[in-house]
Amino acid sequence: MTKRILFRSFHILNSKFYIPSQFTTHDKNNHMLRFLFPALILSLTLIQSAIAFQSIIPKPVEIKHTDEADFRIHRNMAIVTDTEDEKLNRLAGMVRDLVYPSTWTFLPVSDTFAPKDTVIILELTGTDAVPQPEGYTLSVDPSAIRIQASSYAGLFYGIQTLRQLLPSETGFNDPSLMPRNTEPSIPAMEIKDHPRFEYRGMHLDVARHFFPADFVKRYIDLMAMHKMNRFHWHLTEDQGWRIEIKKYPKLTTIGAWRDSTLIGNYGSGEYDGIRHGGFYTQEEIREIVSYAAERYVTIIPEIEMPGHSSAALAAYPEFGCFDKEYKVQSTWGVFEDIYCPKEETFGFLEDVLTEVMELFPGTYIHIGGDEAPKKQWQQSEIAQEVIKREGLADEHELQSYFITRIEQFLNANGRQIIGWDEILEGGLAPQATVMSWRGEAGGIEAAQMKHDVVMTPGGTNYFDHYQADPSSEPIAIGGYTNLEDIYRYEPVPDTLTEEEAKYILGAQGNVWTEYMHTPDKVEYMAYPRAAALAEVVWTPAENKNWLEFWARMQTHFKRLDALGVNYGPHYNRGIKN
């Protein structure tokens, strides 16, 4: 009878336990019997202190409870680190802010402590102690909480674990609500932890609907709390161009705005008639990039090409193949507008990417590459001449030529391209990383070709799908993906060999915003599903357990409540829009 079973039983008998919607179907009795039977037998043996620390999400690699007394949190504590190290000082400041609601005071930060002091220690160690680049250890005894890592990122992730051990993370983020004259405690324990995958991503489409910079920062905060480290920022699309490019101002004066927006289901013809748009200035982008870096999140910008280019062509029609009027689209779907593969177009895109690279220091630039109709290329004398000149077989090879030219430009500037799995069509660019969204087939093919892969299949990793009965839900794009579907997802297909599996960098959750017009709706669709994905990409597969995860989520819901997250309620309690 493991602590895991005890922990599950405790939460099942807790009066605040909530039944997820997938257990309210016709086979509810079978599910609930399987769920409740061990609880009824084991409930009398529960010891809450032994399981209190097992509510961490994502679940650490190893947690060991020790027999020592708890660590008491009080206002006479200190935080100890190398104060001459600017990054360590910043991390110590994060700890100070997290502990404040439990102490009603800002703890001092020092580089020394007396033997009798009660302290929280942040220590950067050699790789012998913590060999994994993003790994950390966290130990708790009566006198100290010690977080050690061989990297700043590892310390940051240790701090994210610490915050989930603090009472302030389960309802007392407002100090006025914290009981006075209390000294909350953390059980004595040893944690050894590191991520399973190096790429742990969340995506946000700001082109279908624009969201303010402050919300983008909040989105990054929630990612970082769940130890996610890649933010895929979808900045251009048929329905709007969202990044300031100084050399081409019409991209934002024209391309960032549409006259109306589809608000009914696709094909309904129901529009709001309201002008919509917006863009991020380069100053705002630099601020967001810096903000993310302090939370060890790398931003991957996406500049769509050669398709999904209506907004750009509405601003600069000369980069299309025909003398026609282009417009920023007000509905969803795939449009025939496509960049023309002429030298002027490549010059334009290189200019755009040059400014993009100045703003985003990460290795990857996402170039889209998906859903690029070939009709205009088939009809274009210019495109057909390029096919003939380059000895290409057809328009699919023309797309490969197009992507390869962009890759060569980015490689020459020290960057790498990443694109949706359609970039496999006609031949994969030599150094490209593939983001597999049309199922896993593209990712498998790319891995077998020894190309890096990020798995993001639509069936499990698209958070724009319904998460409950559509008749009771706000409008969504379609599909159905619940919390358990995501939690049970395995990013490494069993068809890959051990060597091929090494090319799977990780996985990502995608948030397409056709029907997400407010920040609250984005949070509603992304959480708690993003929490499940966080555990998929961090926790060893053998350590995962759906029922145990669900039990831990009962505490995590309180954390999300404390942070004001408008998460999908189907896993908790009544509808909140």
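Student: C321 and C340, buried or exposed?
Tutor: Both C321 and C340 are buried. Buried means under 20% relative accessible area, exposed over 50%, and partly exposed in between, with a 1.4 Å probe and protein chains only. This is a predicted model: local features need pLDDT of at least 70, side-chain atom pairs count only at pLDDT 80 or more, and totals for chains, interfaces and linings use all residues. Residues are numbered from 1 along each chain as its sequence is written, and side-chain values use heavy atoms, leaving out hydrogens and water.

Student: What joins C321 to C340?
Tutor: A disulfide, with S to S at 2.3 Å. The cut-off for a disulfide is a pair of cysteine sulfur atoms within 2.5 Å.

Student: Which hand does that disulfide have, and why?
Tutor: The S-S torsion is about 95°, so the disulfide is right-handed.

Student: How many disulfides in the whole structure?
Tutor: The search finds one.

Student: New topic. At what angle do α12 and α13 cross?
Tutor: Roughly 80°, and the axes of α12 (residues 381-390) and α13 (residues 395-412) come within 10 Å. Axes are lines fitted to C-alpha atoms, for helices over the stretch in contact, and angles run from 0 to 180 degrees between N-to-C directions. Helices are DSSP runs (H or I, at least four residues), as are strands (E, at least two), numbered from the N terminus.

Student: Which residues of α13 make the contact?
Tutor: E395, L398 and Y401. Contact means heavy atoms within 4.5 Å.

Student: And α18, which residues are buried?
Tutor: K521, V522, E523, Y524, M525 and A526. That is six of the eight residues in α18 (residues 519-526).

Student: What do they pack against?
Tutor: β10 (199-205), α6 (213-225), β21 (465-466) and α19 (529-538).
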